[in-house]
Amino acid sequence: MWKCERVIGADLDVEEVLGVYRASTLAERRPVHDVERFARMLAGANLVVVARDEDGRLIGIARSITDGAYSTYLSDLAVDVAHQGRGVGRDLVRVTREAVPEAKVVLLSAPAAVDYYPHIGFTRHESAWTMDRLS
Ligand SMILES: CC(C)(COP(=O)(O)OP(=O)(O)OC[C@H]1O[C@@H](n2cnc3c(N)ncnc32)[C@H](O)[C@@H]1OP(=O)(O)O)[C@@H](O)C(=O)NCCC(=O)NCCS
């Protein structure tokens, strides 16, 4: 079994979190080679939920930014492949939502997860827009 709980991103061990990004395959789509930037991603996220197994090992993470009242941007959802398909991802999203129940959760899906999000209750939005970073 596992346990999900909200934590302070800056308090996490960066190497341990990098391990779960790699073990989930999300590392292929995040700047994991720039550890200083990755550490800022963790410290700057104000709604971080982690899943740990019975031995305390990190097996999943949901990294979000929320205003605490209206919207929560779920930037990264990652579960170690050895623990996928057991409900850990769904539980991470549940705890994220329950942390700020008034907030709508928005996200950009990775290609491999486009069928996942509707499966756990998300609705596709036809007018989502992004603007690339400046540098
Ligand atoms: C996407 C991801 C977070 C899902 O986590 P998970 O713990 O395996 O998912 P869950 O066990 O909570 O799955 C809940 C349900 O969704 C289904 N599901 C899981 N992955 C799915 C997928 N990629 N597509 C469609 N359905 C999926 C499960 O079979 C389960 O179905 P059930 O309720 O009928 O039994 C995980 O596969 C992952 O880390 N993937 C790699 C990183 C990634 O792409 N993250 C998304 C970034 S936006």
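Colleague: Which residue follows helix 1, and what is the value of its phi?

Modeller: Please bear in mind that this is a predicted model. Helix 1 covers residues 14-24. The residue that comes after helix 1 is Thr25, and its phi is positive, near 85 degrees.

Colleague: How are the buried residues of helix 1 arranged about its axis?

Modeller: The buried residues in this helix are Val17, Val20, Tyr21 and Ser24. Viewed down the axis of helix 1, they lie within an arc of 105 degrees, so the buried residues line one face of the helix.

Colleague: What covers the buried residues of helix 1?

Modeller: The buried positions in question are Val17, Val20, Tyr21 and Ser24. Their cover includes helix 2 (35-44), strand 3 (58-66) and strand 4 (71-79).

Colleague: What length does helix 3 reach, and what is expected?

Modeller: Helix 3 spans residues 88-99 and has 12 residues. At 1.5 Å a residue, the expected value is 16 Å, and the distance from the first C-alpha of helix 3 to its last is close to that, at 17 Å.

Colleague: Where do the buried residues of helix 3 lie around its axis, and which strands do they pack against?

Modeller: Val88, Gly89, Leu92, Val93 and Thr96 are the buried residues of helix 3. They cover an arc of only 140 degrees around the axis, which places them on the same side of helix 3. Their packing partners are strand 1 (2-7), strand 2 (47-53), strand 3, strand 4 and strand 5 (104-106).

Colleague: Which residues come nearest to the ligand, and which elements give two or more residues to the shell around it?

Modeller: There are 21 residues around the ligand, and those that come nearest are Gln84, Gly89, Arg90, Ala110 and Tyr116. Two or more residues of the shell are given by each of strand 4, helix 3 and helix 4 (116-119).

Colleague: How many residues of the shell around the ligand are nonpolar, polar and charged?

Modeller: The shell holds 21 residues. By class, they divide into 10 nonpolar, 8 polar and 3 charged.

Note on methods. Residues numbered from 1 in each chain as written. Predicted model: local features only at pLDDT ≥ 70, side-chain atom pairs only at ≥ 80, totals over all residues. Buried ≥ 20, exposed ≤ 12 C-beta atoms within 10 Å, placed from the backbone. Helix = DSSP H or I, 4+ residues; strand = E, 2+ residues; numbered from the N terminus. Arc of directions from axis to C-beta. Contact = placed C-beta atoms within 7 Å. Near = placed C-beta within 6 Å. Nonpolar A, V, L, I, M, F, W, Y, C, P; charged D, E, K, R; others polar. Expected span 1.5 Å × (residues − 1).
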